Amino acid sequence: MAAIKGGYAGRIAWVDLTKRQVSIKDVDPVFAREYVGGRGWGARIVWDHVPPEADPLGPENVLVVAAGPLTGLLVPGAGKVSFSAISPETGYYGDSNSGGFFGPELKHAGFDALIITGASKEPVYLWVEDGQIEIRDASSYWGMGGLEVQEALRRDLGDSSIKVASIGPAGENLVSIACVNCDWRNAGRCGMGAVMGSKRLKAIAVRGSLDIPVADPEALYEEAKGAFKHVRDHEFARVLRKYGLAWYIDWSNENACLPVKNFRFGTYELHEAINAETMLKRVVTTSTACPRCPMCCGKFSYVRSGRYAGTAIDGPEYETLAMLGANCCLPTVEDVVYANWLCDNLGLDTISAGNIIAFAIECYEKGIIGPEDTGGLELRYGDPDCVFKLLELMAKREGIGDVLARGVKFAANKFGGGSERFAMHVKGLEQSAYDVRAAPAMGLAYATADIGAHHNRAWAITYDIEKGRDTYTRDKAEKVIYLQHVRPLFDMLGCCRLQWVETGLSLDYYAKAYEAATGIKVSADELLRASERVFNLTRAINVRRGLTSAEDRLPDRVFEEPVPDGVVKGYKLDRAKFAELLRAYYELRGWDPETGVPTRAKLEELGLKDVADALGL
Amino acid sequence: MDIKACTGCGTCELVCAYKHFGVHNPRKSAIRVMPPTFETPYNVPVVCRQCARPKCAEECPVNAIYIADNGVVLVDEKSCMGCRACAEACPFGAIFFHPEVPTPIKCDLCGGDPECVRWCPTGALRLKSPLALGDEARRRTARALSRGVK
């Protein structure tokens, strides 16, 4: 196949931290096209290079840091970079992506992806600049906060324009829910920070001055004109530009899907204390955007006075406000800002952290654990100090923090006493901020997502709200599958999905942008096909690691305890109907309706014959 | 320039580099956005202010920097020796060098219709006549003082 003319920087660096060797390879055009980039590349490399029995926190796991073909180009929100590996949270395939400027910088430095293998004995960081990579000593940075180390590296390297991906103490201490900080944004989910920590990789610092090649720059520019105008002028983009994703707090509260007290309630009486209006009034200094995004959904908070004076953070956005704010019942937006800062600097995923803390408090309230387990700390909702203390204990793995640091699934097994029934996770990944008791499609999305209970794969709750909050019709399974192909496609292309989600920017635009960037003619359907290929591949990775359909499940709470409040009061999911929906989902996917394993026919149709062979189908 | 309206999206950087060099490379642009920090919680665009008494021109050893008739500070690329004295002289840091470009990368206002202003999604960047500078503040003053009139 002919060489690719652009979009891709053209090189992948393999960094072996055990041998301290770097080898740089040209991108294989067939691989590039079949798996597109970002998470797609990550999945294929994990399938090819991580042995099925590998310990997620052992040197055999591979961390793939991959931008996409559109990352860094004149495309709205094209700043995404994916971190992929076997997740220490689930034991299955995991990935998480970050916006911000780290991804583009990596490509300007000449690399589409860094593949980190092995593990260093001593703490190290990578210095990446214009085609060169050095493995450098990081012992003086070890122990620093995830945000603080970025400032320190920029200071020591003498350039504030350097972009850094880093971990905090949580990642160093192999906390399952550790995130990777990418400047002010984070790759939060699936414990990618712990994978970095297990390799003693404190940070990746990048400075790039190279052009990103583009096959047809004029076509890309002309396409961009229309796309930027579309997003900029869209009515809902105006809302997001003003309020940011925090706007969804009121929306979730109205629709009674806001997690409160460990997903027991669907509305929060103090929601107005933590909503977008209040944020704007009290803490927001400015909007922040990912590269070239006219929507700027980020809001930067700075607390000017009081207990948290001087706290600065990009956020909090919806998930953080919901999981640390509503779910733990924090009373003021400043409390959430500070908890957000603590999480980011300690290097913890705000979603999982809020989920686990709310779970621990419920266990304490129910007497499943007591002061003897918490070191005398009294756990209660609405107490900011309790939240801050637990975050710190988790990051340091001290006392009860050592149990909680391993995730809600582990903690529930440890605590027992029926707490498994309200441990809100799927496959070990803590559920993100949508209650699914009145949202069967969203429940299906959580149950079947390759990484566990995360909304990134299919945010189907709007479909439930549109079509019926207690209906289990086949179209819901179809919708979830469609979303599971569209949304992760953006993580492969290296741009944000929200322009498509919120303003309806068409998939045809992305196909045209891909073609202008790479010179490879492609249709939106072909891109979706590539995304389906990747979804089947991640399923295959999980099956090879022992996944069965029994794990495409939801927490018992959603079937047993009706929503006590709000517009869907009394709703809960029906086990039999949900099982039917799951079966329909398997069938529609071309997977075995009993086992949920992709069929040979499906894999071959997607060009994954070698995968079918390896699975022994 | 409206610092509060700037989101740090960097569209200005990319389209500037594309307009002048035809490439996707923000480090070849004549404008940079400084992202928020712990101390400065704002996005701050940095671009040439077209000074009336430019330090860059003062420090240029070969007088390659001049003020054109329309007031725009320009670089005569033929006589420029690429010594970078201008970049060091600019108190705003608004002159840039790139390893592949021998002469300074400096805002030329795109001949009067700046690409960055055209693309800026929030109106944070605007081109104003020096005569209009301070107009908004004067209007605020007028409003405030009018209120006190009996």
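Predicted model: local features only at pLDDT ≥ 70, side-chain atom pairs only at ≥ 80, totals over all residues.

Strand E1 (residues 11-16) and strand E2 (residues 21-26) of chain A run antiparallel, with six bridges pairing them. Four residues lie between the strands in this hairpin, and there I found A:Arg20 with a positive phi near 55 degrees.

I then asked which strand pairs with E1(A) in the parallel sense. My entry reads strand E6 (residues 113-117) of chain A, over five bridges. In that pairing, A:Asp16 has A:Thr117 in E6(A) as its bridge partner.

Stepping back, I noted the domain assignment of chain A: domain 1 (11-207), domain 2 (235-410) and domain 3 (436-503 + 523-615). I looked up domains 1 and 3 of chain A and found their C-alpha centres 27 Å apart. Between them, 36 residues of domain 1 are in contact with 26 residues of domain 3. On the domain 1 side, H2(A) gives the most, with seven residues. That side divides into 15 nonpolar, 14 polar and seven charged residues.

Last, I turned to the two chains. I counted 24 residues of chain B in contact with 26 residues of chain A. Which helix of chain B gives the most to the side that touches chain A? I wrote down helix H1 (residues 11-21) of chain B, with four residues. The chain B side as a whole has 13 nonpolar, nine polar and two charged residues.

Conventions. Residues numbered from 1 in each chain as written. Chains lettered and ligands numbered in written order. Contact = placed C-beta atoms within 7 Å. Helix = DSSP H or I, 4+ residues; strand = E, 2+ residues; numbered from the N terminus. Nonpolar A, V, L, I, M, F, W, Y, C, P; charged D, E, K, R; others polar. Domains from an automatic or database assignment. Pairing = 2+ DSSP bridges.
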